[in-house]
Amino acid sequence: MSGSRAKSLLHLPTQDGAAVKPAARFFAIDPPLVIDPGWTLIEEGFELAREHEIESIFTVANGYAGTRGSLAERNALSRPATFLAGVFEAGEESPAALELVRLPDWTHLRILIEGAALALDNGTILEHRRIFDLQHGALFRVWRHEDPAGRVTTVTFARAVSLHDRHLFFQSVTITPENYTGSVSVESSPDPPGTKTQWTPQAEGDTAVLVGATTRGVTIAMAHRGDIARAEAGAAGEQTSTIQGQGFLRRWTWPAGLGETVRFNRSVVVYSSRETPDPASAARRHLNRVFDAGPDAHVRQHAQAWEDRWRAAGLRVAGDDQAQRALRFAVYHLNGAVNPHDERTSIGARALTGKVYKGHVFWDTEIYLLPFYICTDPPAARTLLMYRVHTLPAARERARKLGYQGALYAWESADTGEDVTPASVVAPDGRIVQVLTGIQEHHISADIAYAVWQYWRATGDESFFLSAGIDILVETARFWATRGRLETDGRYHIRTVIGPDEYHETVDDNAFTNVMAQWNLERAADATEWVHANRPDSWQDVAERLRIAPDEPAAWRRLAGVMVTGFDPRTNLFEQFAGYFGLEDLDLDAYRARTVPIDVILGRDRTQKSKVVKQADVIALSALLWDLFPRTVHDANFRYYEPRTAHGSSLSPAFHALVAARLGDRDTALRYFHEAASIDLSTHTGSAAGGVHIAALGGLWQAAVFGMGGVRLREDGIVLDPHLPQSWTEFSFSLQWRGRTIAVDLTHEPAQVAVTLRAGDPMTIALDGGKPAELDARHSYVAHRDGAGWSDWQTKRR
Amino acid sequence: MVNGINRDSPVTGRHPQGGVILVPLDGSEQAAGALPVAQGLAALTGATVHIVHVSPQAVPIQEIREKLHLATSNLAGAVLDQRTGAAAPAITGEAQRWHSNLIVMCSHGKTDVRQGAFSDIAEQILLHTPCPIVFVPRGRGQRPWSLRKLLAPHDGTPTSAIPIGPVSDLCHHTRAEMTILHISTAAAGPAEDRGGLTAPRYMDQPQHEWPAWGVEFLDRVRAMAKPPCDLKLRTVLCTEEVGQAIVRFAAEQDIDLIVMAWRRHLEPHRALTIRTVVEQAPCPVAIHPVTGEEDR
């Protein structure tokens, strides 16, 4: 079978029933899972060179762990990995370069026909298909193979990591000899990945446990149990078990009958010493409970947990199948990236889908991912912010070491929050390039403060705010109050920084950095004054804990008031940094066809001397602080910076889509939306090989909901200003706000907004520039576009 | 044999031992420069060098030897053939007759006045060759040739990876260093073939992305070309004009052989890179004709 006939993941017709039909019995549950083709990504055929990106895209994950979609039997290029969130070990290249720990490959198995391993590259592939069921968080595979002796075997595979029970992973495989009888074996050998963590196998009855000791002192236990299910009673075949180095091998062999389907089930439970003092015992006991509950229960519970998540976070786009599929793909991975029960873990740049970025956490989490969780899974948002609370001591220490007060968060962080940004990189032309982001990209501290404020405003979670969130606001404000300098011009300058546009290093007064710092200072003052005025019982504790001097909030306001922002009221433009307007203007249209980043084409020096922008920088301010500036300002800056942005970062297209949509430029918004959607799913870039771009996926969700849907979260309710692209005939989604759940249904023609309160107390909802309405659960609320604006809400009893 | 191309040739073949390397000579000094390269390749692979001379009429073999200025050392282990008639069909006919693994020749011979990368005869041979051709630079002389450094420009597509597998055997055999040169110009779009990989569109954090891209690029080369497992490959990325980048790199790095896939188009304004490299490269250039999808 030629891989060249494989279909694009995004362009699959939604009603391809034949492609998913065999999925009915992937898991041995009755009734079987119903797989909706519209909720699947299907890779038809086999293309060895694409294997790494397929593995990333088809990762099954639950926020506790993620297992790449590698072939169970592996091939020459397989890069199997199961990442355990929040647990780091010394890196392969350097002990100081921490990377996310990889567990033994629990999916690994070999199928032997008359002693010869079944392999894609030995014989003829008659049929090969991988089906990623986004709705149920499961990966299926159908493989029909003729070996060199002419024996035809059909094998199906299914795997998932449970969303209901995050410690549990499971796999089910069926083997059917179509035209022969003979000896068939399954070998299960979950071998360790060969990293710095040392593994020791322990066998006890039917259960084998691999116990690992990381270089950071964490113990991990992985308990395995597999069994064979044959319809023919009394012919179970033979079983052998061997310890092999740091792993083990179990083999089941049976005399296969013509057309007889035999099923192999494997369940795996993982614990670490971060959760329990004796992970091996906990894993064994947990695994026994899974088996005691019967073979069906965990599959059903997992599928149900996913269906529940989709009810909270699903989106429906009618009229644009690619957008629909891309959004489901995004939401699947966003849900799989987070564990709401572990507040010492955040989300790395490739989540749990690939080893690139080593699991390191950036500003991406707070700016690009958190809004999704705030709106669909507030407990998950809280745990992500708690990671920043737990790493606050490291941020304080970092600020202190650099001579500042307060807290400076690391550009890249791992388990403790210390900075783990590499100091240099060897470029592909052999040059060694110094990496300055770890030294100069400080806006991350304001970004985290921004996220805290947004979470508080949207959830009203006062216990978090008073016990932890305010600490971040205050400490980051203190950092900004010392990071810059009040200079002789009477203005507060922040020099020697890198903004989101990392093409321009060592710049002064980057607009994004300074405006976010200004915002940070003002919100910290607001927060302390609010607690003082409204929560006097808590104020004493907060003031003592943070040693807030009486004049501190006022000092923050004074500095914010004289902060240099680069804004020129005559042009409505922000100057991206001091001197930017004097740089060389290049026509980026001349470079549109390129695949390589523009700084590689132009060279670092010329790029720095030009106005070419790597990613949304001033435009990111529009995305984050829309209500702070009038529309004319957003419009002027978008029109100025958009043509100068080269989108050398995967974060950039989604924010451009968001801002373009808010400005009513639907065509531009849709173009950028699809650009963002194709980052991982394009069949021609291979960019997902090292893992999916989780922040770009979060940005895609924001582009849809905050851009096309026009949602803005405020502390007094939700404001809507939808701008659906022409092709999106309908767009529906759900949101949570301060304990309420609302459903939003938008149609393009006629332009209509319908809002329903599904759960919670009445709340305020408004259309941009229109009258607010008090939304209650007994009515639905509908408004129509009326010329340039919106009609008043019309209510209808539900 | 795929589309008439024998992929088991010494330079482009899986089985380096045996076979025939055809060397067309016309008595000119520049054509004679092909002989040391052919002999070097034959020594590496165990192939037999067939020197072929095409003339209007048959002449005694000793006369041919004198006309071609062949010393005894030139003839050691070689076969001397002659053919009559038009040069290009005679040479490609010989290559077919012997199932030649390779033709080693100069792009211009004694009677060629045409400027550019290929003479009329060379162009006709290239268009109808049943096997890869190694073009040696004009004026390379009789210096001995050996393989220490090989350069394989690769645009990231499975098609352009086709020659890499076979020559990697040769590098493995000789312990020669093999560099995969990926050139991505401002005008280069994404790879159209599935499985292709070009320079990365997004470079979020170079300290993580560049090393990862380099590993992925070589992994895909390995997947497509299947070189020996322990062969060390290195990737270099350039962004200047493709032909000039290859020529410059070959000169700077003292490359002994450049290996390139050629999609069998030689119309005006096509194969511009091949033309530039053959015309300007300081070392022999192996052209491996491929026809794209069917060759995979």
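**Exercises on strand pairing, helix packing and a loop residue**

A:Ala223 has A:Val269 as its bridge partner in E18(A). This is a predicted model, in which local features need pLDDT of at least 70 and side-chain atom pairs count only at pLDDT 80 or more, whereas totals for chains, interfaces and linings use all residues. Residues are numbered from 1 along each chain as its sequence is written, while chains are lettered from A and ligands numbered from 1 in the order in which they are written.

**Exercise 1.** Determine which strands pair with E18(A) and in which sense.

*Solution.* Helices (H or I, at least four residues) and strands (E, at least two) are DSSP runs, numbered from the N terminus; two strands pair if DSSP finds at least two bridges between them.

Step 1: take one neighbour. Strand E15 (residues 219-229) of chain A is joined to E18(A) by ten bridges in the antiparallel sense.

Step 2: take the other neighbour. Strand E11 (residues 168-177) of chain A also runs antiparallel to E18(A), over eight bridges; here A:Val173 is partnered by A:Phe264.

Step 3: consider burial. In strand E18 (residues 262-272) of chain A, ten of the eleven residues are buried (20 or more other C-beta atoms within 10 Å of their own, C-beta atoms being placed from the backbone; 12 or fewer is exposed, and anything in between partly exposed).

**Exercise 2.** Classify the packing of H19(A) against H20(A) by direction, handedness and residue class.

*Solution.* Step 1: the axes of helix H19 (residues 652-662) and helix H20 (residues 666-681) of chain A come within 8 Å and cross at roughly 160 degrees. Axes are lines fitted to C-alpha atoms, for helices over the stretch in contact, and angles run from 0 to 180 degrees between N-to-C directions.

Step 1: H19(A) and H20(A) are therefore roughly antiparallel (over 145 degrees; under 35 counts as roughly parallel, 65 to 115 as roughly perpendicular and the rest as oblique).

Step 2: the crossing is left-handed, the near helix being turned anticlockwise from the far one by less than a right angle; clockwise would be right-handed.

Step 3: residues in contact (C-beta atoms, placed from the backbone, within 7 Å) include A:Ala657 of H19(A) and A:Tyr672 of H20(A). By class, nine are nonpolar, two polar and two charged; Ala, Val, Leu, Ile, Met, Phe, Trp, Tyr, Cys and Pro count as nonpolar, Asp, Glu, Lys and Arg as charged, and the others, Gly among them, as polar.

**Exercise 3.** Is B:Ala58 buried or exposed, and which residues does B:Ala58 touch?

*Solution.* Step 1: B:Ala58 lies in the loop between strand E2 (48-55) and helix H3 (61-67) of chain B.

Step 1: B:Ala58 counts as exposed because it has 11 C-beta neighbours inside 10 Å.

Step 2: not counting residues up to four places away in sequence, B:Ala58 touches B:Gln82 and B:Thr84.

Note on methods: Two residues are in contact if their C-beta atoms, placed from the backbone, lie within 7 Å.
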